[in-house]
Amino acid sequence: MTTPARVSAATRTMRRARKARRGVRLRIVIPLIIVGLYVVGAVIVPILYHFDPLSTDLLYRLKPPGSVVGGGSTAILGTDQVGQDLFAQIAMGARVSLTVGALTLLIAGVFGVLIGLLAGHFGGWVDMVLMRIADIQLAFPSILLAILLASVLGQGLTNIIIVLSIANWVVFARVTRGQVLALKNREYVEAARTLGAGHLHLIFRTQLPGCLAPILVVATVEFGHVILSEAALSFLGVGVPVGVPSLGSSIQAGTAYLTTAWWISTLPGIALLILVLATGILGDALRDRYDPRLRSA
Amino acid sequence: MAEPTMAVREGSTPRDEPLMSVRDLQVEFSTSAGVVRALDGVSFDVRRGETIAILGESGSGKSVTAQAIMALLPKPAGSIVGGSIHYAGRDLAALPIGDVRRICGTEIAMIFQDPLSSLNPVFRVGWQIAEPFRKRLGMDKQQARAKALELLDRVGIPDAGRRIRDYPHQFSGGQRQRIMIAMAIALEPKLLIADEPTTALDVTVQSQIMKLLANLQAETGMGMILISHDLGVVADVAERAAIMYAGRIVESGTIRQVYDYPAHPYTQGLLASIPSTKAIGERLVPIAGAPPNLLALPTGCSFHPRCPYAVDRCRAEIPLLRRPDGWEPGHVAACFRSEEVLAHD
Amino acid sequence: MLGYVARRLLLAVFVLWGAITVVFIVVRLVPADPAVLIAGETATPEQLAALRAQMGLDQPLVLQYLGYLGHAVTGNFGNSYTQYVPVMKLIGQVLPNTVLLAVLACAFALIVSFPLGLLAALRVNRFSDRAVTTLSLLTQSLPGFWVGVVLMLVFSRQLNWLPSAGLDSPASLILPTITLALPFIAILIRMTRSGLLEVVGEGYIVTARAKGLAERRVIFPHAIRNATIPIITIVGLEFGTLLGGAVITETVFSFPGIGRLLVTSIQVRDYAVVQACVVVISTAFVLVNLVVDLLYGYLDPRVRLS
């Protein structure tokens with residue numbers, strides 16, 4: 001009989017399913033640890049290094065990673081074109097990235113979710129008007145809109161956050177609206193309505209809680225997008241002002257020294273990549289966990 | 001409805017070789033919560049020109065039986081772990097999936113519950129019906145189209161010449177099921193499996209579809225496995241019935257034996273819970289309790305927690321199919337107390 | 001179908017109007033006076049006043065807006081502040097290059113991602129699926145401009161195989177195309193995979209199997225034809241990201257395209273060109289999405305015939 005082989009096929013798929021579930025847990029924990037390390041590094045490293053974005057040390061400029069620099073310390077990631085320690089600079093850049101990312105998500109998220117709730121709950125012309133605005137917004141590739149606004153508003157951290165919030169609220173609005181429409185006819189929402197609950201209660205106590213999981217997933221994915229957009233704007237010279245170290249502007253500065261000092265462009269890029277990758281993996285894992293429709297296992 | 005099919009049966013020798021013979025079939029599904037035994041020792045025969053109805057609640061394993069025969073068990077979760085499906089001298093349970101599918105296209109066909117989702121929305125119905133002719137018989141486009149047209153006519157689609165160019169969503173539910181049937185009988189199969197063919201349809205359309213199936217069977221002499229949860233729908237069409245519960249056949253016999261003299265408490269419960277014309281004004285009696293959780297089946301007879309006849313033995317031992325003492329041959333039930341059940345009726 | 005086309009056309013026109021209006025408003029937010037930007041800080045008040053009158057800046061905002069709208073429809077965006085030639089002439093010189101780059105990147109992305117997405121879907125949760133999914137996640141996290149810099153470092157500076165800047169030969173297109181296509185590839189792989197996975201669970205796939213068709217035939221055309229519909233929608237939506245990426249890629253590789261024109265115009269504060277570039281790019285995006293919508297209607301009879 002072939003029975004034993006077939007039984008093992010069944011247990012093998014089960015083992016695979018179990019492994020996939022353990023995988024999801026790992027894919028949530030490890031990225032969280034990485035993002036946590038970035039946060040800690042972004043807070044502590046610039047303090048430890050007494051980082052001053054405006055100081056220069058031309059004697060020790062363009063030193064490769066591991067060089068001993070002034071004061072006998074070692075620049076583990078080398079120095080840049082004005083002699084600044086690249087490691088401290090990357091940590092400082094991460095500080096900017098994380099701040100911009102978090103604040104943008106907060107503003108775009110709150111604004112977008114509110115719009116989505118209103119459009120989904122009231123429907124009719126409210127929905128129509130809000131969603132046509134979203135359509136117009138979507139006619140601009142988000143980075144293009146950011147470039148246009150940034151070029152008009154001028155450089156500055158606040159402006160970057162405003163610009164990126166404007167470019168990103170639509171995603172939150174659409175996801176929330178979709179979810180509200182899906183929830184609207186569920187029994188518990190209808191029950192609340194027949195019991196005479198007001199609009200505010202319906203929106204915030206019955207519909208918002210049901211939207212939180214997909215919003216969380218979107219926020220995680222968007223966090224990476226926002227950080228990448230900030231770096232791109234700074235790379236193009238319409239992002240953070242001169243003197244504020246950002247991963248994007250570090251990479252830009254390094255392009256002039258590609259042949260002599262490859263590390264100036266390359267290493268901040270890798271730092272950026274790891275951070276964005278961590279949020280990407282986290283977003284995927286959360287989606288697998290909260291959105292069973294897209295679950296593959 | 002049963003007359004023409006009976007005639008076909010009498011034409012051949014009454015005890016001839018069964019068309020398909022399923023023996024002790026066992027199917028397991030692996031889920032993240034554990035391994036589920038969806039079928040546990042299912043056996044039955046289908047003969048030429050005969051219709052056997054497999055009846056039961058959802059989750060009883062009736063659809064899984066069809067999937068196992070057609071090699072359509074969802075992969076990689078479900079697999080046949082034991083038993084055999086003998087057809088034309090071969091064991092479908094042991095053949096590679098590809099080989100089974102090849103047999104399925106030509107000799108065993110299947111129609112499904114939901115004709116809308118079972119038809120591909122982006123291809124014209126004519127193309128879909130013609131596909132087996134082109135791919136399996138190697139006909140050219142014109143020939144295949146002519147055959148498709150003929151089939152649409154045969155299953156009763158009005159104005160078939162024009163409608164052959166329409167897409168599935170342009171047809172009504174009953175017409176879609178007719179199209180599914182046309183597709184299934186295209187290559188003149190010897191066995192047709194109909195999995196809840198009328199469940200998604202209006203009551204009036206249901207009887208038309210059943211009539212169509214019975215007529216086609218009478219014309220072609222194919223065997224038919226009719227899977228349903230609705231005992232009323234199959235009553236006029238099927239000659240034999242098998243009642244499934246929790247992955248096992250708990251009672252089988254001719255349709256009259258099973259319907260008129262249920263020997264298993266579950267069958268009795270099912271019959272008591274369908275509305276009938278002779279009992280207008282009477283209360284319907286639902287079966288107590290909920291269908292069993294396949295992950296945690298009760299010990300002994302799976303039905304004992306819901307069974308009014310249950311005794312200690314039912315909780316300890318699994319009853320096997322047997323003929324109740326003093327009743328006709330061919331009628332079997334998996335119950336220790338069939339005699340009491342029959343006496344009660 | 002006609003109603004569907006009309007609705008889509010109407011929406012496209014509306015969205016374009018909105019985009020053009022938004023650009024008008026945003027550019028009026030510039031704190032600097034365009035006349036000063038053109039004539040320079042040394043110009044006399046009379047010169048500035050004359051210039052303003054010539055540009056129509058002394059008229060009420062509503063009239064300015066209507067005039068601008070009329071010109072935008074005819075593709076007239078006035079003269080460049082810095083180069084004293086019609087803006088559309090500047091754009092006309094570089095737009096074909098960007099279109100070429102975008103089409104190449106799109107084609108490259110489709111060719112690479114479709115087989116990989118298919119492979120991942122057919123071998124779901126196996127090793128090859130995990131490898132492809134991980135690869136696409138990694139690719140998606142790559143900062144586009146950084147990839148450009150690294151590719152340039154490796155293939156132009158170190159290996160000296162490919163030109164690093166400009167557009168002098170077909171070889172100049174290779175690195176920008178790859179840079180631009182990478183994030184697109186990542187998204188397309190994911191969409192192909194999830195689209196196919198969704199379709200494979202459908203009833204008509206079971207029917208196709210029950211018909212006894214070979215597994216290859218079940219996938220082509222039964223599954224693919226249905227999975228293509230969402231994939232095409234994504235191509236349209238993500239085309240915007242591709243256009244945005246073109247701005248960055250062109251800057252990295254000093255590629256003479258509309259993106260680079262936009263960035264250099266921002267640097268010299270030539271808002272006439274900036275405004276026109278943004279309108280042209282948005283128009284391209286809206287048109288691509290219109291085509292996608294119409295294609296969608298063509299591919300899905302349920303949309304076409306309703």
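Helices (H or I, at least four residues) and strands (E, at least two) are DSSP runs, numbered from the N terminus.

Residues are numbered from 1 along each chain as its sequence is written, and chains are lettered from A and ligands numbered from 1 in the order in which they are written.

## Chain C

From the N terminus on, the elements of chain C run α-α-α-α-α-α-α-α-α-α-α-α-α, which comes to 13 helices and 0 strands. Taken along the principal axes, the C-alpha atoms of chain C fill a box of roughly 85 × 55 × 30 Å.

A spot worth a look is the peptide bond between Phe220(C) and Pro221(C): it is cis, with omega at about 5°. Pro221(C) belongs to helix 10 (residues 215-252) of chain C.

## Chain A, and how it compares in layout

Chain A has 9 helices and 2 strands. Reading from the N terminus, its elements run α-β-β-α-α-α-α-α-α-α-α.

The table sets out some totals for these two chains. A residue is buried if 20 or more other C-beta atoms lie within 10 Å of its own, exposed if 12 or fewer, and partly exposed in between, with C-beta atoms placed from the backbone. Two residues are in contact if their C-beta atoms, placed from the backbone, lie within 7 Å.

| Chain and total | Value |
|---|---|
| Chain A, buried | 45% of 297 residues |
| Chain C, buried | 44% of 306 residues |
| Chain A, contacts between residues at least 6 apart in sequence | 69% join residues at least 24 apart |
| Chain C, contacts between residues at least 6 apart in sequence | 70% join residues at least 24 apart |

How far can you trust chain A? The guide here is pLDDT, the predictor's confidence in each residue, from 0 to 100. Chain A has a mean pLDDT of 81, and 89% of its residues reach 70 or more. Among its elements, helix 2 (residues 86-122) of chain A has the highest mean pLDDT (91) and strand 2 (residues 74-75) of chain A the lowest (72). Over residues 1-7 of chain A the pLDDT is below 50, and this stretch has 7 contacts in the model beyond near neighbours in sequence. Residues 292-297 of chain A also have pLDDT below 50, with 9 contacts beyond near neighbours in sequence. Where pLDDT is low, the predicted coordinates should not be read in detail.

## Where chains A and C meet

How many residues of chain A are in contact with chain C? There are 42, and they touch 43 residues of chain C. On the chain A side, helix 1 (3-48), helix 3 (124-139), helix 4 (142-153), helix 7 (199-236) and helix 9 (263-290) each supply at least two residues. Helix 9 of chain A gives the most, with 10 residues. By class, this side of chain A has 27 nonpolar, 11 polar and 4 charged residues; Ala, Val, Leu, Ile, Met, Phe, Trp, Tyr, Cys and Pro count as nonpolar, Asp, Glu, Lys and Arg as charged, and the others, Gly among them, as polar.

A nonpolar core is a set of buried Ala, Val, Leu, Ile, Met, Phe, Trp, Tyr and Cys residues joined through C-beta atoms within 7 Å. The largest one has 267 residues, and Ile147(A) and Cys277(C) have the most contacts inside it. Leaving aside neighbours within four places in sequence, Cys277(C) is in contact with Ile91(C), Ile258(C), Leu261(C), Leu262(C) and Ser265(C).

## Chain B

Chain B holds an open sheet of 7 strands in the order 6-7-8-3-9-10-11, with mixed pairing. Two strands pair if DSSP finds at least two bridges between them. Strand 6 (108-111) and strand 11 (332-333) of chain B are the edge strands, each pairing on one side only. Strand 10 (residues 248-254) and strand 11 of chain B run antiparallel and are joined by 2 bridges, and Ser252(B) stands opposite Val332(B) in strand 11.

Helix 2 (residues 62-70) of chain B is largely enclosed by the rest of the structure, because 9 of its 9 residues are buried. Just after this helix, Ala71(B) takes a positive phi of about 55°.

Two loop alanines also have positive phi. Ala88(B), at about 45°, lies in the loop between strand 4 (78-87) and strand 5 (90-91) of chain B. Ala246(B), near 50°, is in the loop between strand 9 (240-245) and strand 10 of chain B. Are they buried or exposed? Ala88(B) is partly exposed, with 13 other C-beta atoms within 10 Å, whereas Ala246(B) is buried, with 24.

Conventions. Predicted model: local features only at pLDDT ≥ 70, side-chain atom pairs only at ≥ 80, totals over all residues.
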